[in-house]
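Subject: Structure handover and findings

Hello,

Here is the structure we talked about handing over. Please open it first, then read the notes below.

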Amino acid sequence: MRWLALIVLLTPGLGWAGEAKLLAGDPAAEARLKHLAVELRCLVCQNQTLADSNAPLAEDLRREVREMIAKNMSDEEIIDFLVQRYGDFVLYRPPWKATTTLLWVGPFLLLGAGAAALVVALRRRAQRQPVEMPVTDEERRRVEQLLSQRRTGS
Amino acid sequence: MIPEVGHYALILALCVAVVQGSLPIYGAAVGHSTFMSVAKPAARTQFLLVLIAFSCLGYAFAEMDFSVLYVAANANSKLPLHYRLAAIWGAHEGSLLLWTFILTVWMFAVTLFSAHLPETMRARILGVMGLVSMGFLLFMLTVSNPFERLIPAALDGRDLNPLLQDPGMVMHPPMLYMGYVGFSVAFAFAIAALLGGNLDAAWARWSRPWTTVAWCFLTVGIALGSGWAYYELGWGGWWFWDPVENASFMPWLAGTALIHSLAVTDKRGGFKVWTVLLAIMAFSLSLLGTFLVRSGVLTSVHAFATDPKRGLFILAFLAVVIGGSLLLYAWRAPRVGLGGGFELVSRESMLLANNVLLIVAMGSVLLGTLYPLFLDALGFGKISVGPPYFDTVFVPLMTPAIFLMGIGPIAQWKKASLPNLAMQLRWAFAASVVTALLLPLVLGKWTPLLSLGLLLALWIVTTTVVSVRERVSHLVGNSLVSCLAALPRAYWGMVLAHCGIAIFIVGVTMVKGFEVEKDLQMNVGDTATIGGYTFRFDGAQEVKGPNYLAARGSFSVTRNGQEVTVMYPEKRFYAVQNQSMTEAAIDSGLFRDLYVSLGEPLEGGAWSVRLYHKPFVDWIWGGCLTMALGGLLAVSDRRYRLAWRRERREEPVAPSPLKTSVA
Amino acid sequence: MKRFLLPLAIFVVLVGFLAAGLTLNPREVPSPLVGKPAPAFSLPQLHDQEKTFSPADMTGQVWLLNVWASWCGGCKEEHPVLMRMAQAGDVPIYGMDYKDRREEALSWLRRYGNPYPLTAVDEAGRIGIDYGVYGVPETYVIDKQGVIRFKQIGPLDDEIVTKKILPLVKELQGK
């Protein structure tokens, strides 16, 4: 552990060491930012949220959102602000619109269709009656022939 | 010279693939024994040739041959050897070669373990696999050649993407591909059965172990990818519903449905047509995944560099393979009879319901992944579909499936009684509900999702106990232990796999419910406490790596005054690619992970730091591994071992449809 | 019989969409501002810092707003095209220097030529956000009433200029 002490000694600016301060000035505001930023898309990244991206545009947008939070704008207003400028692309939670109805309803439609298909298949299976197939004379003769062969061991 | 050998080996492999894909299938159709017997040596030759090609590329990487374009683009003289070798699959061309190589590995395995199959079936299976490999070899030789030369040779390479310079890179793609590509065997079995018209319980029995092993690999591959993202990307996330992640998850969902469906076809001869369709679906989703990752139609951190020609080729290949198999299905499936009947309430119907839920879930993931593409193609503008959508949709679909998981193993085949089942499970249900409601309160926080997650996990465990008791009660034995040991491995495999899911659910629920994150600015000597652990920042020093320069921070962690560990997160700068990367420090424990990530340097030697306390997060991957182990255990069941032994002695085994089994 | 063709039918539809997808660019974000009034701003000019520039100054004219920066590679690519357009004089092109340093922007224009009657400076990138800028270069065609009629994402080339921009400009100038 001696080298640790060395680093501590060599590191400049060692003042009063105490409880680390939160990076954000206002924890409540940061919490709101986080809550919003995880559902917003970084437009210049390969599929990352605004919260996780280090891209310059992402930092600019986070700064904008912080300012809007400071102005006490509601979540809806902040999202509207961004959508007005960048379109629905910026939202990771697709909005409810005519064009996205199929998206949101789709899984439950699929479930309904699957359940319906299941019930139909099971009913159809249950309704199948065994078919009555009488043995013809020809077949009976053949059976006798085979059995007699068996008995004689040929 | 060596790269040319590799290139030539691929060309030869293509010729062999053409032969393998045509003669045996034709031979099986007309009963020509010689043509059918071409399949086995052809498959083995292909394996050898692709192995040579793969080794040549590996050699080029090991010897840092920068006259090969692919090597120059993905390696560097300062890149350590193990990463140079992993760079073989670091980009598009090489990973295709890996795909093809693993396909030939599976082909080879089929030639080893198929003596008990009728010759026509084996010929068809290898023939179909030959057709698939033909497509991939053709793809490589036309627009994705890994052996293309760079003249004049580069002085040094562009280096592997720093994010990929990691042990995860060594393990994740091969495991994943073993899974993806392994479904081609199940697919080949299905096509062979459709071609031959003999879709019976025996077919399912032969197909099962292959499918289960592929599924195990895929489970491990996905878990590795998730774990790698967790510690590599520096923000503690482990699943983003990214298109490429979904591309591997969809075959997994279909594969899970398939292994359950095969169980029914094997034991009861039912679901034959549905099982065949699932087998086609699982592999089709693997191929679709290959398309999505390489074509550029979707944006993803995982996507390979794209080129419209490549996308078009894969799409055409997809259309031919999947379209062809679905056409064959439409033609032949109606002729397949129904299997054993069963009632509305029975184990069969519950497995069928489980299948429906899994496939609906898969369909929803597919819908969400492709929806932006649909809208854009129709001119309705661009949207994004991300985790909020998938999380909202997936959980309600999976909840009933997990509920069924508890009831299915206890229900009887053919006909079960709902009142009886309710009777048997009433204590399990009560215990699960009560504990799930109370436990979060004890732990300090109650939300509905938290309770739901715990309920599902507890339900699985309690119903498993009921199931084991039920089984053991039928056996007459000396002691409990001997009774438990008498239960077949296939049963224990199922128990283990289902418990794996319970473990996974606990992990996800607890992490999402209880994780704590703090963004701090820390001067040297500052402390911070989360989750009962106190972190003290002891400064950062400069460290030199083989191909990077890093600032390494040092954090001492104590709990209740007792020293726990020292953690060293790094901020690395890779000079060649001009990219910086965060290497988080993680202290893993059975019940929690401590996670420290360096942000930016501030004035006076201070740093912005992110600290996490993540309870039970390793249970997520522990659960996945347990699932895979369960699968392996099931495959080691006596039935398959006996079949394997019989094969070694080369006694023909006729499929016996009257054979019943306990499990 | 028909229900066995269902999987194939679904697949054919899927392939159709995937094929269409190959022609699209998933990373391009079309602007919702087309058809809406150009957002107002008042930014200092690059060459004469005392003066400001605002879209209101341009009402009654059809004009182009070209967002660029000295650190941007695509801007270098499209610059000859802009120079040619400026020479032809069909439509004035006003520049907006985005998140750049004044000295570097000035020397960049000295080096490659200045097609703009004037350039506004958006140092913080705030106005860029108002215009939905997410990468440079981007170019807007704005009509006499100050409404955005077209946005080009990425570098301009001769084809886009002759096929899309100039015809649109002529149409708008006629109104």
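Helices (H or I, at least four residues) and strands (E, at least two) are DSSP runs, numbered from the N terminus. With that in hand, P152(B) sits in the loop between helix 7 and helix 8 of chain B.

Some ground rules. This is a predicted model, where local features need pLDDT of at least 70, side-chain atom pairs count only at pLDDT 80 or more, and totals for chains, interfaces and linings use all residues. Residues are numbered from 1 along each chain as its sequence is written, chains are lettered from A and ligands numbered from 1 in the order in which they are written, and side-chain values use heavy atoms, with hydrogens and water left out.

The loop between helix 7 and helix 8 of chain B

P152(B) is joined to I151(B) by a cis peptide bond, with omega about 0°. D159(B) is found in the loop between helix 7 and helix 8 as well. D159(B) is not a glycine, yet its phi is positive, about 75°. Is D159(B) buried or exposed? Buried means under 20% relative accessible area, exposed over 50%, and partly exposed in between (1.4 Å probe, protein chains only). D159(B) has 1% relative accessibility, so it counts as buried.

D166(B) lies in the loop between helix 7 (119-143) and helix 8 (167-196). D166(B) is buried but has no salt bridge. A salt bridge here is a side-chain nitrogen of Lys or Arg within 4 Å of a carboxyl oxygen of Asp or Glu. The nearest side chain of opposite charge is R572(B), 6.8 Å away. For charge, Lys and Arg count as positive and Asp and Glu as negative; His and the chain ends are not counted. What does D166(B) touch, beyond residues up to four places away in sequence? Contact means heavy atoms within 4.5 Å. The list is Y83(B), W228(B), Y231(B), E232(B) and E583(B).

Chain B with chain A

This contact takes 58 residues from chain B and 47 residues from chain A. The buried area is about 4600 Å², and carbon and sulfur atoms give 67% of it. Buried area is the accessible area (1.4 Å probe) that two parts lose on being put together, summed over both. The rule finds 1 salt bridge across this interface. K34(A) and E517(B) form a salt bridge through their side chains, at 2.9 Å, N to O.

On the side of chain B that touches chain A, the elements giving two or more residues are helix 13 (347-377), helix 14 (387-407), strand 1 (516-522), strand 2 (527-530) and strand 3 (533-544). Helix 13 gives the most, with 12 residues. By class, this side of chain B has 29 nonpolar, 22 polar and 7 charged residues. The classes: Ala, Val, Leu, Ile, Met, Phe, Trp, Tyr, Cys and Pro are nonpolar, Asp, Glu, Lys and Arg are charged, and the others, Gly among them, are polar.

Chain C with chain B

Here 20 residues of chain C contact 30 residues of chain B. The area buried is about 2100 Å², with 85% from carbon and sulfur atoms. In chain C, F4(C), L18(C) and L22(C) lose the most area to chain B, together 30% of what that side buries. The salt bridge count is 0. The rule finds 2 residue pairs in polar contact (both at pLDDT 80 or more). The side of chain C that touches chain B has 16 nonpolar, 2 polar and 2 charged residues.

Elsewhere in chain C, a cis peptide bond joins V136(C) and P137(C), with omega about 0°. P137(C) is in the loop between helix 4 (126-130) and strand 6 (138-142).

Chain A

Chain A has 6 helices and 1 strand, in the order α-β-α-α-α-α-α from the N terminus. Of its 154 residues, 34% are buried. N72(A) lies in the loop between helix 3 (56-70) and helix 4 (75-86). N72(A) has a positive phi, near 65°, and is not a glycine. N72(A) counts as exposed because its relative accessibility is 66%.

Best wishes

How values were computed:
A polar contact is a pair of N or O atoms within 3.5 Å; within protein, one must be able to donate a hydrogen and the other to accept it, and residues adjacent in sequence count only if both atoms are side-chain atoms.
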